Amino acid sequence: MARMKFLCDAERCIECNSCVTACKNEHEVPWGVNRRRVVTLNDGVPGEKSISVACMHCTDAPCAAVCPVDCFYTTDDGIVLHDKDLCIGCGYCFYACPFGAPQYPQQAAFGVRGKMDKCTFCAGGPLQDNSNVEYEKYGRNRIAEGKLPLCAEMCSTKALLAGDGDMIADIYRQRVLKRGGRPQTWGWESAYGTTG
Amino acid sequence: MTRLLSLFTGVSLAFIVSGCYESPSVTSYEPGVYKGAKDPLMQANKDQRAETMKKRFEMVQTDR
């Protein structure tokens, strides 16, 4: 079984934010919630680097480890998802996540948090695939349609890759061999450990 | 009148006290185990999905 992973090639990312736009549009993500963000290091300085960040669907997900209501589960292909009917919006997962992935919509006055929302790898949630309820709660289920996450499919420079970890690693290895330098698989060690 | 009042008090007390009992059924809680609904995606054919994903990856994710 394939192990789904994200990889952002910092040498290729041009900070166009099309991944962010594609994600927000595909899943109708509400205002104030960003499932994906582009972070630029040393912005404005020659040699600046940009990386597209979202939930990395960690092998040993810290969000799941700290969840007091155990609303997280991992699919057979390594996608970390959660049940919004169980989530109490406590925010523990936000503090545990090394990528700042969990987001909370403001649903009432005085900053009361709603149910946690995060990148689903376009795999929806624990509801009937591609039903209206699933779409409203989790966004579109592209995986059930046989498609990959839209952020990666839309990436114009193919900086953001999503799919089977082995296939991504092959592509990235070829790139590094071609252009030289050292591989910088940003976030992979935090998300997938050394063994993956 | 006094008998009626004491009877009423007795019945009321019995009714109130009937709410004070300990349920023998205990809700067991396994920490760290997913408690939510089952995902239909997990019941789908894994191998078929993996093959579809591979084809899709080769179509849209390879270098230009």
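A: Start with Arg179(A). Arg179(A) is partly exposed, at a relative accessible area of 36%. (Buried is under 20% relative accessible area, exposed is over 50%, and partly exposed lies in between, with a 1.4 Å probe and protein chains only.) Asp9(A) is buried, at 0%. The two form a salt bridge, with their closest N and O atoms 2.9 Å apart. (A salt bridge needs a side-chain nitrogen of Lys or Arg within 4 Å of a carboxyl oxygen of Asp or Glu.) Arg179(A) sits in helix α6 of chain A and Asp9(A) in the loop between β1 (4-8) and α1 (18-27), so the pair ties together parts that are 170 residues apart in sequence. (Helices, H or I with at least four residues, and strands, E with at least two, are DSSP runs numbered from the N terminus.)

Some ground rules. This is a predicted model, in which local features need pLDDT of at least 70 and side-chain atom pairs count only at pLDDT 80 or more, while totals for chains, interfaces and linings use all residues. Residues are numbered from 1 along each chain as its sequence is written, chains are lettered from A and ligands numbered from 1 in the order written, and side-chain values use heavy atoms, leaving out hydrogens and water.

Next pair. Lys49(A) forms a salt bridge with Glu11(A), at 3.6 Å between the closest N and O atoms. It links distant parts of the chain: Lys49(A) is in strand β3 (residues 49-53) and Glu11(A) in the loop between β1 and α1, 38 residues apart. Lys49(A) is partly exposed at 28%. Glu11(A) is also partly exposed, at 46%.

Then the Asp117(A) pair. The side chains of Asp117(A) and Lys84(A) meet in a salt bridge of 2.7 Å, N to O. Asp117(A) lies in the loop between α3 (92-96) and α4 (132-138), and Lys84(A) in the loop between β5 (80-82) and α3, 33 residues apart. Asp117(A) is buried at 5%. Lys84(A) is buried at 11%.

Shared partners come next. Glu26(A), Arg140(A), Arg142(A), Glu153(A) and Arg56(B) are joined into one network by salt bridges. Over all chains, the search finds 15 salt bridges.

Now the interface. Four salt bridges cross between chain A and chain B. Among the salt bridges is Asp70(A) with Lys35(B), at 2.9 Å, N to O.

How much area do chain A and chain B bury between them? About 2,700 Å², 59% of it on carbon and sulfur atoms. (Buried area is the accessible area, with a 1.4 Å probe, that two parts lose on being put together, summed over both.) Asp70(A), Lys158(A) and Met167(A) supply 21% of the area that chain A buries against chain B, more than any other three residues.

Last, confidence. The predictor gives the complex an ipTM of 0.86 and a pTM of 0.85.
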